[in-house]
Amino acid sequence: MIRIQSEDFDVAESYARLRQAAPGKTGAIAVFTGLVRDFGDLSGVEAIELEHYPGMTEKTLQGIWQNAAQRWQLHTCEIIHRVGRLHCDDQIVLVGVAAEHRAEAFAGCSYIMDFLKTEAPFWKKEIHREGEVWVEAKHSDEQRKQNWQSK
């Protein structure tokens, strides 16, 4: 399941859906949740504003999921990404996968998150007391993606 939404999400509900994907076959579930923090490119972040390209964002995330499922034996995936204005400590993203084994679950979850950060058409603006700053892509995110491509 892939969802782009402004409202918050419930991690326990996502976990329950992942657990029910392949009863008796799932041996591991890995879930990552990202939170808004009070620092980014600058310190003193009060909020962030996230925009995306509707339709293309979901298609891109579906492609990332399909690539991960081909690479590892993953039963299912859940990706939820929030858009709009978010404040410090708000949940921003959830990536969860169910697999037969923990190594596949961990790798699949990490792979999806790394490609989401570099490939999905999201734009993030940090809001500070002094003004607003659009966040540039980070070299470290691109490097993590390249590490997967070389494996």
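At what angle do α3 and helix α4 (residues 139–149) pack, and how far apart are their axes? The model is predicted: local features need pLDDT of at least 70, side-chain atom pairs count only at pLDDT 80 or more, and totals for chains, interfaces and linings use all residues. Residues are numbered from 1 along each chain as its sequence is written, and side-chain values use heavy atoms, with hydrogens and water left out.

**First sheet**

Select β1, β4, β6 and β2, which form an open sheet of 4 strands in that order, with mixed pairing. Helices (H or I, at least four residues) and strands (E, at least two) are DSSP runs, numbered from the N terminus; two strands pair if DSSP finds at least two bridges between them. At the edges stand β1 (2–5) and β2 (28–35), each pairing on one side only. From one strand to the next, the twist averages 5 degrees. Strand β6 (residues 91–99) pairs with β2 in the antiparallel sense over 8 bridges; display Thr33 and its bridge partner in β6, Leu94.

Strand β3 (residues 45–52) and strand β7 (residues 122–128) are joined over 7 bridges in the antiparallel sense, and Glu49 stands opposite Lys125 in β7.

Then move to the loop between β5 (84–87) and β6, where Asp89 is placed. Phi of Asp89 is near 75 degrees, a positive value in a residue other than glycine. Most residues other than glycine have a negative phi. Asp89 has a relative accessible area of 65% and is therefore exposed (buried is under 20% relative accessible area, exposed over 50%, partly exposed in between, with a 1.4 Å probe and protein chains only).

**Helix α2 and its neighbours**

Select helix α2 (residues 56–71) and helix α3 (residues 102–119): their axes come within 10 Å and cross at roughly 150 degrees. Axes are lines fitted to C-alpha atoms, for helices over the stretch in contact, and angles run from 0 to 180 degrees between N-to-C directions. The two helices are therefore roughly antiparallel to each other (angles under 35 degrees count as roughly parallel, over 145 as roughly antiparallel, 65 to 115 as roughly perpendicular and the rest as oblique). Colour the contact (heavy atoms within 4.5 Å): α2 contributes residues including Leu61, Ile64 and Trp65, and α3 residues including Ile112, Phe115 and Leu116. Helix α2 also lies across β1 and β4 (74–82), running at about 150 degrees to β4.

**Helices α3 and α4**

The opening pair comes next: α3 and α4 pack at an angle of about 130 degrees, with their axes 9 Å apart. That makes α3 oblique to α4. Among the contact residues are Ser110, Asp114 and Phe115 of α3, with Arg144, Lys145 and Trp148 of α4.

**Last stop**

Finish at Arg19 in helix α1 (residues 11–19). Arg19 counts as exposed, at 52% relative accessibility. From C-alpha to C-alpha, Arg19 and Phe115 are 24 Å apart in space and 96 residues apart in sequence.
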